[in-house]
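Dear colleague,

I am passing on the structure we spoke about, and below it I have set out what was found in it. Please read the notes with the structure open beside them.

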Amino acid sequence: LLHRDVSSNLLSSFPVTGLHGLTHLKLTGNHALQSLITSENFPELKVMEMPYAYQCCAFGACENHYRISSPWNKDDNSSIDDFHRKDAGLLQIQDERDFEDFFLDFEEDLKSHHSVQCSPSPGPFKPCDHLFGSWLIRIGVWTIVGLTFICNALVSATVFRSPLYMSSIKLLIGLIAIVNALMGLASGVLASVDASTFGSFAQYGAQWESGIGCQMTGLLSIFASEASIFLLTLAALERAFSVKHVTKFETKSSIASIKIAISFCFMLALIIAVIPLLTGSEYGVSPLCLPLPFGESTAMGYMVALVLLNSLCFLVMTVAYTKLYCSLEKGELDNIWDCSMVKHIALLLFTNCILYCPVAFLSFSSLLNLTFISPEVIKSILLVIVPLPACLNPLLYILFNPHFKEDLGSLRKQTLIWRRSKHASLISVNSDDIEKQSCDSTQALVTFTSASISYDMPTSSSLMPPSYQMTEGCNLSSVAFVPCH
């Protein structure tokens, strides 16, 4: 028995007894066959087609070998002739080199290449040894994961645990930090898989990319990425609308509408993330657990549609902020009662748009069949550039937004007061002193630039709503006004 074709079956294992003389073996379509087949059991094997590219690693195939399109119907002589013709072309290309040196390299190359022609061949997206492939990508991913978890946790804690007033824009900033942390979690799962399978990824590659873990990692990554873009779009529209609002303060109806819009953003991001699972499980086409911008038409169409939708979001943000800045007169931005958030959203918009350009260019270049981008570059973009906004967004808030320092200071005071109250729980304290101390600490958090409190509000006290008038009691709204100078 020389030729054996058992493709498109439900084999979970392949017997080796009595099949040592096989020269052609075809096992494609047996997706349950995920274990490696050793080359020692088939010493005469010449041509083979396997369900997964990782199984070709055991037969000497590596990620840099050339690909053979369809050698199944070729005999031994034709495959050997094709091999020699390919290397004869290399001889003509290398005419500048010394002939003897090249001939020695040619003989060593013949010895290093395994005689088995195996397909599908391994590559950067089907690695034999390491999932990430290079230490530069590995260090970059681990750095992004660490900073993403630390910075987003810090932003979320200061936003949601601060005793200050929770405005709609701060709510959006806190939710963006949460979805960015989910993106860091997805990248951390891939980094953990790379570390646990270091040097022997071929043994676990088929189980990983077809398992539920890869599916959930891809779903989490797409959901977090889309939710972050949608929430950033909503934040840009909210800032553009709030600057033009008459009172510059939020009402209950506006906050309720923001919460409805947030729910819609999360629902839309979840639907987009679930679509690959309903249309053929495209998260498992590679061990990176992401729909690739090449290969099958469905995966390419999904990526192009995703890029167009995200580009539309960035266009809406850009138009909204362009109209905002053009409508303001010179120097008027510094007089806005909360211009720090306006500038912060503009900074987030610029940063995320710049980082999304390589992803959009990658998708459209694959659609136009532009093959000048190497698979290694595509892999580095998907692993490093895509999750990079999840790391930079909280860093920009921590380093450049004054609200973070105020929230962090108030959180420290709240923690200190809680510790003191816990320590002095058995000591009776005068209730009037407690109320006065709480009032003083609340007034300390409210900063104003002038005694007349001019934040684009009516100057007459008779026109000012009663809820915003200054009193000597504890009826102040604990909003931290941060004007820019």
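Tyr321 lies in helix H8, and, as the model is a predicted one, what follows describes computed values throughout. With a relative accessibility of 4%, Tyr321 counts as buried, since buried means under 20% relative accessible area. Leaving aside residues up to four places away in sequence, Tyr321 touches Ala236, Arg239, Met341, Val342, Ile345, Ala346 and Leu349.

**The chain and its cores**

The protein chain has 13 helices and 4 strands, and buried residues make up 44% of its 485 residues.

In soluble globular proteins, nonpolar side chains tend to be buried together. Here the largest nonpolar core has 84 residues, and those with the most contacts inside it are Phe132, Val141, Ile222, Leu231, Ile262, Ile345 and Leu383. Helix H6 (residues 212-244) supplies the largest share of this core, with 13 residues, while at least three residues are drawn from each of domain 1 (1-65 + 113-122) and domain 2 (135-411). Apart from this core lies another, of 16 residues, which includes Val6, Leu25, Phe42 and Cys56.

As for Ile222, if residues up to four places away in sequence are not counted, it touches Ile272, Ala273, Tyr283, Leu290, Pro291, Tyr302 and Leu306.

In helix H10 (residues 375-385), the buried residues are Ile378, Lys379, Ile381, Leu382, Leu383 and Val384, and what covers them includes H3, helix H4 (168-196), helix H9 (339-367) and H11.

On the H11 side the contact is made by Tyr397, Ile398 and Phe400, and on the H12 side by Pro402, His403, Phe404 and Asp407. By type, the residues of this contact divide into 5 nonpolar, 1 polar and 1 charged.

**The strands and the loop between S1 and S2**

Leu22 lies in the loop between S1 and S2 and, at 0% relative accessibility, counts as buried. Not counting residues up to four places away in sequence, Leu22 touches Leu1, Leu2, His3, Arg4, Phe42, Glu44 and Leu45. Of these, Phe42 is 20 residues from Leu22 along the chain, with 6.6 Å separating the C-alpha atoms of the two.

Ser8 is found in the loop between strand S1 (3-5) and strand S2 (24-26), but, at 60% relative accessibility, Ser8 counts as exposed. Its phi is near 55 degrees, which is a positive value in a residue other than glycine.

Glu49 lies in strand S3 (residues 47-49) and is buried, with a relative accessible area of 10%. Although Glu49 and Ser119 are 70 residues apart in sequence, their C-alpha atoms are 4.9 Å apart in space.

**Backbone points to look at**

Is the peptide bond from Ser119 to Pro120 cis or trans? The bond is cis, with omega near 0 degrees, and Pro120 is found in the loop between strand S4 (117-119) and helix H3 (135-160).

A positive phi in a residue other than glycine is also found at Cys289, where the value is near 60 degrees. Cys289 lies in the loop between helix H7 (252-278) and helix H8 (297-327), and, at 0% relative accessibility, Cys289 counts as buried, whereas Ser8 counts as exposed.

With kind regards

Technical notes. Residues numbered from 1 in each chain as written. Predicted model: local features only at pLDDT ≥ 70, side-chain atom pairs only at ≥ 80, totals over all residues. Heavy atoms only, no water. Contact = heavy atoms within 4.5 Å. Helix = DSSP H or I, 4+ residues; strand = E, 2+ residues; numbered from the N terminus. Nonpolar A, V, L, I, M, F, W, Y, C, P; charged D, E, K, R; others polar. Core = buried A, V, L, I, M, F, W, Y, C linked by side-chain atoms within 4.5 Å. Buried < 20%, exposed > 50% of the residue type's maximum accessible area, 1.4 Å probe, protein only. Domains from an automatic or database assignment.
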